[in-house]
Amino acid sequence: MVLGGGEADGTGRALAGRDAAMDAALGALYGGGGEGGSRKASGARSAGLGGSAPNVARWLGDIRTYFPSSVVQIMQRDAIERLGLSALLLEPEMLEAVEPDVHLVGTLLSLNKAMPDTTKETARAVVRKVVEQLEKRLATRTRATLAGALDRSARISRPRHHDIDWNRTIRANLKNYLPEYRTVVPERLIGYGRAAQSVKKEVILCIDQSGSMAASVVYASVFGAVLASMRSIATRLVVFDTAVVDLTDQLDDPVDVLFGTQLGGGTDINRALAYCQSKITRPADTVVVLISDLYEGGIRHEMLKRVAAMKASGVEFVTLLALSDEGAPAYDREHAAALAALGAPAFACTPDLFPEVMVAALEKRPLPVP
């Protein structure tokens, strides 16, 4: 962008070869002037995507040739936002040319209802590729971290031999050390409960599916599937706008969950929390995770009253303003402050931090607020 070949660039030097091609690809998206951000320069160089599908397909191929995947994802996102290319994603050949990422999945989900049948299978393949990448990145660590927390919460005093927690047992019996035998007599055994064989905790993920929460919906669906795969956690996944949809039955496949959402529309947090509250059977063993920017279109004081009632009954309540790798989100600060006053601080959370947040909630410890 600095060393262009036109007179207006002021360098008097023209680019050639790969440099000229990279500059043209950047200029098509970010160049000033002309429809769709197009820019004309002297010589053979010209830029602009316009509304032509062949032009867009060629441009998508160019940026994948000249730039790394992380940069391609940013440029695709900017193209969709700056040049209004969402409609072109309804064409299978366009989807086959793009670099899949979380934000592209969010765009596809927002277009789900308008998507022709010829595109849906390609769209599902794109979404599945992203979901599988996220599961590979997040699943193993999440299961290991939460399983450890559940084991610790299930310690028993009369364990079987293979369930004995030897470190804690030795510490608890140090007073019974016999110097002449150089050994500890364990009067009291401490062990892990067999948490994996029965449900120990219940988790309800309550997800705002307004358009601004697209990345959070994708990550939350993946985590919901991971949690549901753990027999010691009963997981429920609820999405909402002004209506409430329970997608728990689809948790075995997060792609089905995502295509069961409808991004956009209004927001009624109170109605969603009322539904979640009706599904709680063991308050002391339940964690409710509300993922929302808190822009409430429902009854504010009723929403806060429900949160207070759930906490008073023993429910651990977690409010995440976003579950994504993005920066600080826009959110309703008044509602966030009101929830903090109830002991439910609202904060944005990265996917890598989410397992630690869940562990703290399961163990009823202070949350690791960034």
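Is Ala234 buried, exposed or partly exposed? Its relative accessibility is 29%, so Ala234 counts as partly exposed. I start with that residue since it shows how I will go through the rest: a place, a value, then the neighbours. Please keep in mind that this is a predicted model.

Ala234 sits in strand 4, which covers residues 233–240.

Now the chain as a whole. The protein chain contains 13 helices and eight strands. It has 370 residues, and 45% of them count as buried. If we take the contacts between residues at least 6 apart in sequence, 73% of these join residues at least 24 apart.

Next, the inside. The largest nonpolar core has 76 residues, and the members that touch the most others are Trp59, Leu108, Val289 and Phe354. Which helix gives the most to this core? That is helix 6, residues 117–153, with 10 residues. There is also a second, separate core of 23 residues, and Ile204 is one of its members, as are Leu273, Val307 and Ala344. So much for Ile204.

Let me stay with Leu108 for a moment. If we set aside neighbours within four places in sequence, Leu108 is in contact with Leu89, Leu95, Met115, Ala123, Val126 and Val127. Leu108 belongs to helix 5, where Val102, Leu104, Val105, Gly106, Thr107 and Leu109 are buried along with it. Helix 5 runs over residues 102–110, and seven of its nine residues are buried, so the helix is largely enclosed by the rest of the structure.

Phe354 was another name on the core list. How many aromatic pairs does a search of the whole structure find? It finds one. The partners are Phe223 and Phe354, with ring centres 4.5 Å apart and planes at 40°, so the pair is tilted. Phe223 is in helix 8, residues 214–228, and Phe354 is in helix 13, residues 354–362, so the pair ties together parts that are 131 residues apart in sequence. As for burial, the cut-off is under 20% relative accessible area. Phe223 has 1% relative accessibility, so it counts as buried. Phe354 has 2%, so it counts as buried too.

Now a pair of helices. Two packed helices are described by the angle between their axes and the distance between the axes. For helix 1, residues 17–30, and helix 3, residues 69–83, the angle is about 35° and the axes are 9 Å apart. On the helix 1 side, the residues that meet helix 3 are Ala25, Leu26, Ala28, Leu29 and Tyr30. On the helix 3 side they are Ile74, Met75, Asp78, Ala79, Arg82 and Leu83. Sorted by class, this contact has nine nonpolar residues, two charged ones and no polar ones.

Helix 1 by itself has 14 residues and reaches 20 Å from its first C-alpha to its last, close to the 20 Å expected at 1.5 Å a residue. Which residues of helix 1 are buried? They are Asp23, Ala25, Leu26, Gly27, Ala28 and Leu29.

Let me move to some loops. Ala284 is in the loop between helix 10, residues 269–278, and strand 6, residues 286–291. Its relative accessibility is 42%, so Ala284 counts as partly exposed. Apart from neighbours within four places in sequence, Ala284 is in contact with Lys201, Ser313, Gly314 and Lys364. Its C-alpha is also separated by 9.3 Å from that of Lys311, 27 residues away along the chain.

The phi of Lys364 is near 60°, a positive value in a residue other than glycine.

Arg182 also has a positive phi, about 50°, although it is not a glycine. You will find Arg182 in the loop between strand 1, residues 177–178, and strand 2, residues 183–184. Is Arg182 buried or exposed? With a relative accessible area of 71%, it is exposed. The cut-off for that word is over 50%.

That is the last residue on my list.

Definitions and conventions
Residues are numbered from 1 along each chain as its sequence is written. This is a predicted model: local features need pLDDT of at least 70, side-chain atom pairs count only at pLDDT 80 or more; totals for chains, interfaces and linings use all residues. Side-chain values use heavy atoms; hydrogens and water are left out. Axes are lines fitted to C-alpha atoms, for helices over the stretch in contact, and angles run from 0 to 180 degrees between N-to-C directions. Helices (H or I, at least four residues) and strands (E, at least two) are DSSP runs, numbered from the N terminus. Contact means heavy atoms within 4.5 Å. Ala, Val, Leu, Ile, Met, Phe, Trp, Tyr, Cys and Pro count as nonpolar, Asp, Glu, Lys and Arg as charged, and the others, Gly among them, as polar. The expected span of a helix is 1.5 Å times one less than its number of residues. Buried means under 20% relative accessible area, exposed over 50%, partly exposed in between (1.4 Å probe, protein chains only). A nonpolar core is a set of buried Ala, Val, Leu, Ile, Met, Phe, Trp, Tyr and Cys residues joined through side-chain atoms within 4.5 Å. Rings of Phe, Tyr and Trp (its six-membered ring) pair if their centres lie within 6.5 Å; planes under 30 degrees apart count as stacked, over 60 as edge-to-face and the rest as tilted.
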